[in-house]
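Try each task before you read its solution.

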Amino acid sequence: MTTRFIGIALLCAALPVAAQQDHAGHAPGRAAGVAWTAQPLLLPASGGRGERAAAVLRPSGIAAATLDVYGPVAGPQGARQTVAVDAAGARISSVTPKIGNYHWLVMREETPERVKVASTAWYFGNPGPSPTALLAEPKHELEIVPEPLPREHGSYRESEKWRFIVRLRGQPLAAQALTLETEFGSRSTFTTDAAGVATVLFPRDFKAEAKEGGHGRPSAGFVLSTEKESDGVRYLTAFNLNYGPDADRQRSLAWGAAFGLLGLLAASPLLRRRGQVVAGDADHA
Amino acid sequence: MLKTMFPTLGRFRLMVQLLMLFVTVYGSVFVGSYMADKLSNALPALSCAYDQMNGGYCVLIPTQHILHHRIGEALVRAQQLTLTMVLPLLFSLLTFFAFFFVLGKAFCGWVCPLGTVQEIVGKLGRRLGFGLRRLDGDGLPAARRARPVKWLLLLGLVFVLPLLTGLGVTPHALGNPYCDICPSRVATTLLTGNTEQLALRLGDGWSFALGAVGDFMLGFLLLGALAVRQPFCRICPLLAFNALFQRLSPLRLVKRKHDNCGKCRICSDACPMDIPEISSEDGRKAYAEDCTLCGRCVEYCPQDGSLQLKWGPLALFASSREYYKARAKGELPDGTVKPLKFVRPPRPAAKPDA
């Protein structure tokens, strides 16, 4: 009996720790390695439930002293916050305290001949305005803009098509090549239409070794990149986030339909005709 | 014009229900992908966040998430119970009740997409002639016996389990257990052509079992609603949530006792929730916890002014004998529609041979 009690106590003590490890928060997710791409990335460097209101992002393939955080509404210092990048990365939080929803993050490495930009989106769990205005506002020269970002409870997933707008100084860029690379080694190129929109198909390439992202769901990194020369400057812009496996990899429609049918069967006795006048009919007709 | 389009309160309510079904299931098609984000703080509609096309948001989701992610986790970090922790929950509840202040429990009877789906199936059942099964027998009515279930679901699945999961006591799969068994999640996503929520999650016993319960309930209610009115509403925790403060809402059912009350029972027969108190009680007791403010009892009460739907001092709709007579001509109190009669015109009498 004592042994069982100790066992239960230990289990209870261990569960919160396990749950903390299990839950990465409402973050776009984690991507551990950068061996799969040479493009500039902004990668989550920390997780854990205790860090829901803040996050640390580390740059990969890009070097800069600061990171710009754009919020959905202006905070005390405006809608943009610039944070310093140290050895551990850049620690970000909501631009306006308690206002969450999507924030847009930009890191910029610049020389007279070349501008390299890494961008990503970060979801803070507090309520906040939708990112429509945030995405519409031009933030640097060459941009890759999701149209739209996944909603809460949604995410980019294998086999899905998502639209991205490529803009140069706020204007849509037609016939521009947009390259997708994924953590599992897929690489494909899409071209924007006249409205500057590229419809990107996420490849069905998930492997068993995928890491766990938010809510314990499998997650892997992807990056979209594009390059353009303008006014003698070479612009390279990348947008990275995470994507998940196709729903049918983890779910069984057959089992779902079977239980639905079981429910139908269980209700069928209710439909037996009883051969009696429904109470009230005679009274009220 | 309006009188022609909406000759009865029932027709008007059906149009509102269909409109809200469209908004809560397909709303984002018209107002953009982020509609749910915009409305999530203001419109706690039973149109879940799993549906990526909808224009609404169910208050049960933020409630579970706040208990799971905020309060439970903060307690794990051994912080004091501060306003920082409690405020998000309070704001969710406040926005819910701000909405509730306008609509009251009429949300259930006029807006809820699953309620509308069940009602449409029920109408089909009446058309097809399936015998209606009421949950009010002699003695203790079955409708009353089912009442505690919704409170247990609200307490256990919306409040307690998400909090325990946030504390780390129960597994992560029990973080939003009500959503996992909610048939509306499956129904509204199926209405958008998405079968993902019907499919069961594999690899985790809890998720599989909860999803199986949701699918089972959806199957049961889709067929059961042909014979039993609003089968799921009777155990829905959102009805319990609404009932928590129903006395505070200005929109309410008001009853003034008449000598015939408790004898004709037409109002109880008309009630899709089989509430016996509407006919047997008066005053506050007649406005029972299961009432969805659909207004059918008011429509089918033959006594002038005995039953009223009121918003504050305003009487929105009151019972009247004349209205009752006209209403009952087209549809019986239990929803049975009088059959269309195709009568052949009589042949002209044969002329006698000349």
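Two strands pair if DSSP finds at least two bridges between them, and strands (E, at least two residues) and helices (H or I, at least four) are DSSP runs, numbered from the N terminus. This is a predicted model, in which local features need pLDDT of at least 70, side-chain atom pairs count only at pLDDT 80 or more, and totals for chains, interfaces and linings use all residues. Residues are numbered from 1 along each chain as its sequence is written, while chains are lettered from A and ligands numbered from 1 in the order in which they are written.

**Exercise 1.** Find the order of the three strands in the open sheet of chain B.

*Solution.* The order is β2-β3-β4, and the pairing is antiparallel. Because β2 (251–255) and β4 (314–318) of chain B each have a single partner strand, they stand at the edges, and one side of each is left without a neighbour in the sheet. Next, look at strand β3 (residues 307–311) of chain B, which four bridges join to β4(B); in one pairing, B:Lys310 has B:Ala315 of β4(B) as its bridge partner.

**Exercise 2.** Decide whether helix α12 of chain B is mostly covered or mostly uncovered.

*Solution.* Begin with the helix itself, which covers residues 205–224 of chain B and has 20 residues. A residue is buried if 20 or more other C-beta atoms, placed from the backbone, lie within 10 Å of its own. By this rule 16 of the 20 residues of α12(B) are buried, and the helix is mostly covered.

Notes. Expected span 1.5 Å × (residues − 1). Buried ≥ 20, exposed ≤ 12 C-beta atoms within 10 Å, placed from the backbone.
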